[in-house]
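Hi there,

Here is the structure I promised to pass on. Have a look at it first, and then read on for what turned up in it.

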Amino acid sequence: MIEIIRNPAPETWKKILQRPCLDNENLDQIVASVLSKVKEGGDKAIKAYEKEFDNVDLDDLSVSIEEINACEELIAEDLKSAIRLAIRNITCFHESQKTETTKIETMPGVLCWQKSVGIEKVGLYIPGGTAPLFSTVLMLAIPAKIAGCKEIILCSPPNTEGKINPAILFAAKETGINKIFKIGGIQAIAAMAYGTESVPKVYKIFGPGNQYVTSAKQQVNLKDVAIDMPAGPSEVLVIADESANPAFVAADLLSQAEHGADSQVILVSTSEKVLLNTINEIEQQLQVLPRKHLASIALTNSKFILLHSKKEIVELSNTYAPEHLIIETEDYSDFADRILNAGSVFLGHYSPESAGDYASGTNHTLPTNAYATAYSGVNLDSFLKKITFQEISKEGIHNIGSSIEIMAEHEGLFAHKNAVTLRLKY
């Protein structure tokens, strides 16, 4: 099932490392049609699409306070404790990202500073399909709260009974989110982008999703609303040497493969023995996974690559720019220092990617599809905008004025020059 690619030439890496892509020729057109109809039809259109896509008839799109409060009785105590521990760690890490406002005098009489302001209205999309991602509620709601966003709404698809997964509701309640809507997929993105009778329009949309959700986010981003990042199917690249435990490596690869049929996992090593032992472990562990079918399909997109040297491994990893990078080697710190492109990096033999997904404190909403070459994962700054200020005194305009006049004149912008000239004359 898994083929080892031995010492491929660098010029072939790009082809080897291509991400899988589902055959959805008409995807963008379907998405555009749904967006347009929700924009025009509001709640009525959303309810029609909920019936079509989620097989549910909804009288009310909102989750009631009673439904939110009832969630505590529907989930186990150990899960509540685990979620609360994760909240503490995620809060601790994201609180540490706050920065102080510093005023800088760039020259006598010219004072400049920058202030961070929370984005007023944000929308969180939480998938609820084959894997209801209540952990994503924590990853988005916590930094939104820390940033000081004034209005935070959450959309997640309901089941056929019109209920949202109780763990998602519990995570929302614990993080202080109470504006929750039973809306999934494209129609959820449309509702938050345009606003409806029930759903407020937001200024920025966050959250992962399938290819339809991703396309919807990208389309509304063109002129209606900001988004966190372009994001697609999940992926991991693992670097392993002979000090790695093949069982650990196999488990890390399978933890990504079970996300979905279009996920991708890559293992790179200078040791063929490591690759072969990991394949054997995968075959054993796969048999007992409840999501074996999805993981098996994803493994057809997997790449096990044997390379000559550590230098080649680093270059290949930076070329791929993985969403998740796990370095299970004896000298992982040396590898880590040379990594340029990755969403989140997990170092050593006891740092599974699952830790970042749930409870270590880092954020699991990360750039995929090589966007890690230019994008960061979601962090506190994702929910902030930066406003700059300047205060110039009479002394300051005297010191800086002539330079402004000269620059404005050379750009042919004489009204700009005059705004300074009048002040200098005065």
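Let me start with a cluster of charges: K310, D331, D334 and R338 are linked in a network of salt bridges. By salt bridge I mean a side-chain nitrogen of Lys or Arg within 4 Å of a carboxyl oxygen of Asp or Glu. Before going further, please keep in mind that this is a predicted model, where local features need pLDDT of at least 70 and side-chain atom pairs count only at pLDDT 80 or more, while totals for chains, interfaces and linings use all residues. Residues are numbered from 1 along each chain as its sequence is written, and side-chain values use heavy atoms, with hydrogens and water left out.

Salt bridges

Helices here are DSSP runs of H or I with at least four residues, strands are runs of E with at least two, and both are numbered from the N terminus. D334 is partly exposed at 33% relative accessible area, and K310 is partly exposed too, at 26%. For these labels, buried means under 20% relative accessible area, exposed over 50%, and partly exposed in between (1.4 Å probe, protein chains only).

The structure holds 17 salt bridges. Another of them joins E72 to K173, with the closest N and O atoms 2.9 Å apart. E72 sits in the loop between helix 3 (65–70) and helix 4 (77–95) and K173 in helix 6, so this pair ties together parts that are 101 residues apart in sequence. E72 is partly exposed at 22%, as is K173 at 29%. E95 and K98 also form a salt bridge, at 3.0 Å from N to O.

Strands

Strand 5 (residues 151–156) is mostly covered, with six of its six residues buried. E151, I153 and C155 point one way from the strand, and I152, L154 and S156 point the other way. Two strands pair if DSSP finds at least two bridges between them. Strand 5 is joined to strand 4 (residues 121–125) by five bridges, running parallel, and K121 has E151 as its bridge partner. Four bridges join strand 5 to strand 6 (residues 179–182), also in parallel, and C155 is partnered there by F181. From strand 5 the chain crosses through helix 6 (residues 166–174) to strand 6 in a right-handed β-α-β crossover; right-handed means that, with the strands pointing away from the viewer, the path from the first strand over the helix to the second runs clockwise.

A search of the whole structure finds zero disulfides (a pair of cysteine sulfur atoms within 2.5 Å). For C155, the nearest cysteine sulfur is that of C149, 16 Å away.

Strand 2 (residues 104–107) and strand 3 (residues 110–118) run antiparallel, joined by three bridges. They form a hairpin with two residues between them, and G109 in the turn has a positive phi of about 90°.

A buried glutamine

Finally, Q187 belongs to helix 7 (residues 185–194) and is buried, at 1% relative accessible area. Its contacts (heavy atoms within 4.5 Å) include V34, I46, Y49 and F53.

Happy browsing!

Note on methods
Lists of a residue's contacts leave out its neighbours within four places in sequence.
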